[in-house]
Amino acid sequence: MSTSSHDVIAAAQRLQEQGQPYALVSVLRVQPPASARPGDKAVVTADGIASGWIGGGCAQPAVLKTVRQALADGRARMIRIAPSEEGQVRELDDVLEFGMACHSGGTIELFVDPVLPRARLVVIGDSPVAVSMAALAPRVGFDVCVVAHGADASRFVDAVEVVDTDDAAAVAERMAPGAFVVVATQGRRDVQGLRAALALDARTVWFVASARKAQVLRASLVEAGADAQAAAAIVAPAGQPIGAQTPEEIALSVLASVVATRRGAAVANPAVATQAPLDAAPMACAPTAVPRAQVSSAAAAARARLQARAAASSDAPVATPPIDAAAGSCCGGAVGDATGAPAAMAAPAAAACCGTEATPAPALATVPPPSCCGG
């Protein structure tokens, strides 16, 4: 029994139009006896075969299990179904082999290729950031729907849909759950936008606003009857800390967080954490107190290395700058930097670059975390 390629392609197109994930399963090799032939294919959803033919009943349980895994992680797989102890599964290089105690005794190899719908991004608001988000997101694989009271569709030419309302009930009726949502109202109908976002049963909601403003509006939502857990899950400030200033840069920053969340990457929320340094050592503007003996030893070693390099390159003596251990901090330069600034000068400089008041040099000598100054 077989189904024409035309029927399989038509079934795949229907599922894609409906936004339903599926996998295209193709027969690669067959060792008779088997009912499938190389080139046979089927469209398979998480519920079973929608169209096509890839073999009899023995093959289908293994195929369905593999399709579900592929739809969950988006990775293609090659599988082999061969006579063996039933239920046995082995990994052979890049092939996953399923043992099946079928009477036919044949072997079949198949390629399972998941086809996932484009991710959906709902942008709430008609601010300059919202306009930039709607223009940029389709270029990285998102279908964008814009939701805003009085929205002008001509400003969102790349959006697949523009909804001229931010009423929570009306928005929830029109939108399927599971989208990513960015609220970029920027002072215009913020509360209505957040209510609409919470009504969408979104995967994640970002709010383009300061942490203080977001805290106030979260409390207002909860007082008005919103779910406290859902309100607390709103991510604000939105975006990655890239120093964004223009609407386009802010949109890029927020979209970076959306993409990272979609791909399952760890994202630092600038509201609660700073970006980790390269060596994952804790970085803070406040210097870390270290016993003076330990610092003195490090300073002596640094001076020795400078003298050794000078001796190797020239016979002339080289004056090494004085090294004051208290000068080092994550913002004021590493211990033994070329300035040789005394502690009384280095401590205010370190404080100023962090946006804090200068404080007197601590009693204990300090050194920075190893990575915060590029070391």
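In the predicted model, Arg 139 is exposed, because its relative accessibility of 58% lies over the 50% limit. The side chain of Arg 139 forms a salt bridge with that of Asp 158, with an N to O distance of 3.4 Å. Arg 139 belongs to the loop between helix H3 (128–136) and S9, whereas Asp 158 belongs to the loop between S9 and strand S10 (161–163), so the bridge ties together parts that are 19 residues apart in sequence. Asp 158 is partly exposed, with a relative accessible area of 32%.

Side chains of opposite charge can pair when their charged atoms come close. In one of these pairs, the side chains of Arg 118 and Asp 143 meet at 2.8 Å, N to O. This pair links distant parts of the chain, 25 residues apart, with Arg 118 in the loop between S7 and strand S8 (119–124) and Asp 143 in strand S9. Arg 118 is partly exposed at a relative accessible area of 41%, and Asp 143 is likewise partly exposed, at 25%.

A further salt bridge is formed by the side chains of Glu 109 and Arg 29, at 2.5 Å from N to O. Glu 109 is located in strand S7 (residues 107–115) and Arg 29 in strand S1 (residues 22–31), so that parts 80 residues apart in sequence are tied together. With a relative accessibility of 10%, Glu 109 counts as buried, because this value is under 20%. Through salt bridges with shared partners, Arg 29, Arg 80 and Glu 109 are joined into one network.

Aromatic contacts were also examined. A pair of aromatic rings is described by the distance of the centres and the angle of the planes. The count comes to two aromatic pairs. The rings of Phe 142 and Phe 180 have centres 6.1 Å apart and planes at 85 degrees, so this pair is edge-to-face. Phe 142 in strand S9 (residues 142–147) and Phe 180 in strand S11 (residues 180–183) are 38 residues apart, and the pair thus links distant parts of the chain. Phe 142 is buried at 0% relative accessibility, and Phe 180 is buried with a relative accessible area of 1%.

For Phe 180 and Trp 206, the ring centres are 6.3 Å apart and the planes stand at 40 degrees, so the pair is tilted. This pair also links distant parts of the chain, with Phe 180 in strand S11 and Trp 206 in strand S12 (residues 204–207), 26 residues apart. Both Phe 180 and Trp 206 are buried. Phe 142, Phe 180 and Trp 206 form one aromatic cluster. Arg 262 lies over the face of Phe 142, at 5.1 Å from the ring centre.

Strand S12 also contains Thr 204, which is buried with a relative accessible area of 17%. Beyond its neighbours within four places in sequence, Thr 204 is in contact with Ala 179, Phe 180, Val 181, Val 235 and Thr 261.

At the level of the chain, ten helices and 14 strands are present, and buried residues account for 37% of the 375 residues. Of the contacts between residues at least 6 apart in sequence, 56% join residues at least 24 apart. The accessible surface of the chain is about 20,000 Å², and 55% of this belongs to carbon and sulfur atoms.

How values were computed
Residues numbered from 1 in each chain as written. Predicted model: local features only at pLDDT ≥ 70, side-chain atom pairs only at ≥ 80, totals over all residues. Heavy atoms only, no water. Helix = DSSP H or I, 4+ residues; strand = E, 2+ residues; numbered from the N terminus. Buried < 20%, exposed > 50% of the residue type's maximum accessible area, 1.4 Å probe, protein only. Contact = heavy atoms within 4.5 Å. Areas by Shrake-Rupley, 256 points an atom, 1.4 Å probe, with all protein chains shown as cover. Phe/Tyr/Trp six-rings, centres within 6.5 Å; stacked < 30°, edge-to-face > 60°. Lys NZ or Arg CZ within 6 Å of the ring centre and 35° of its normal. Salt bridge = Lys/Arg side-chain N within 4 Å of Asp/Glu carboxyl O.
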